[in-house]
Structures are given as structure tokens and as C-alpha cells.
Amino acid sequence: FEFLPGVASLVEDLDKRVLVTLRDGRHFVGVMRSFDQYGNVMLEDTYERHVIGNVFADERVGLYVIRGENLVLLGELDQDKENAKLREVSLKEIQDKRAEAKLERAEDEVLRKKLAAFREE
């Protein structure tokens, strides 16, 4: 096993199924087909993975190019362990859970404002 500096180390992940995390928090799973000196990565058969708690849903996006400056984490996905801790659900269920969480956050914010106004009195 030879250490390769910088983006050259990505050569070890070519043609492997990888999980990529972006700066904006999104996750993508796909087969890494190519990369360049800037860390730009091309994924084939790609899915955007939506995770909430211990459930996830994959949304197919196909061939996907990720700009290197947006890449935070890239690692090989272990097929045996992939579904060990997470349970796959439908994309609709994930969207419903997100909407529910957003509503709860909005309600919490209203309560915080009421409490702050009460403390000021």
C-alpha cells in the first residue's frame, strides 16, 4: 500500500461505490468513474441520499459531476454495513418527516419569542 499525496489518493477509489458529503450537507452515493487535479469527481449511477434519524431514502440523479471545492468527505461504501444501522424508506416518507421537523422548529421559535417577550415584561 503506497501513500499518494493530494487528489492522487483518489485513484484508489476509482470504479468503487463511494459516499460523498458536500459542504451544503448533501450526501451522494455512486460509482466513482473519474477525477481531475482539482478534486472534481464524476459519479455514475448516482443517488442523492436523504437521511433523517435512522432512516434514509435514495433519489436517483444518474451521472453526476461534483466540483472539488464542494467536496468534504469521500469514502468507499461497504455494502455489507451500508444498511446495518439505517432503514430504507420511501422518498415521500422522508419528505413528510422533513416537513414535520420544519413545523416543529417553527413552533419552537414561536414559543422562544413568547418566552423572551414574557421575560422582558
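The paragraphs below treat the sheet, then the packing upon it.

This is a predicted model, in which local features need pLDDT of at least 70 and side-chain atom pairs count only at pLDDT 80 or more, while totals for chains, interfaces and linings use all residues. Residues are numbered from 1 along each chain as its sequence is written, and side-chain values use heavy atoms, with hydrogens and water left out.

An open sheet of 6 strands runs in the order E5-E1-E2-E3-E4-E6 with mixed pairing, where strands are DSSP runs of at least two residues (E) and helices are runs of at least four (H or I), numbered from the N terminus, and two strands pair if DSSP finds at least two bridges between them. Strand E5 (71-76) and E6 stand at the edges, each with a single partner strand, so one side of each is left without a neighbour in the sheet. E5 is joined to E1 by 5 bridges in the antiparallel sense, and Val18 stands opposite Glu76 in E5. E3 and strand E4 (residues 55-66) are antiparallel over 10 bridges and form a hairpin with 2 residues between them, where Gly53 in the turn has a positive phi of about 60°. Val55 in E4 stands opposite Ile52, and in E6 the bridge partner of Val55 is Arg87.

The largest nonpolar core has 10 residues, among them Leu10, Val18 and Phe28; such a core is a set of buried Ala, Val, Leu, Ile, Met, Phe, Trp, Tyr and Cys residues joined through side-chain atoms within 4.5 Å, buried meaning under 20% relative accessible area with a 1.4 Å probe, protein chains only. The largest share of this core, 3 residues, comes from E1.

Key: Buried means under 20% relative accessible area, exposed over 50%, partly exposed in between (1.4 Å probe, protein chains only).
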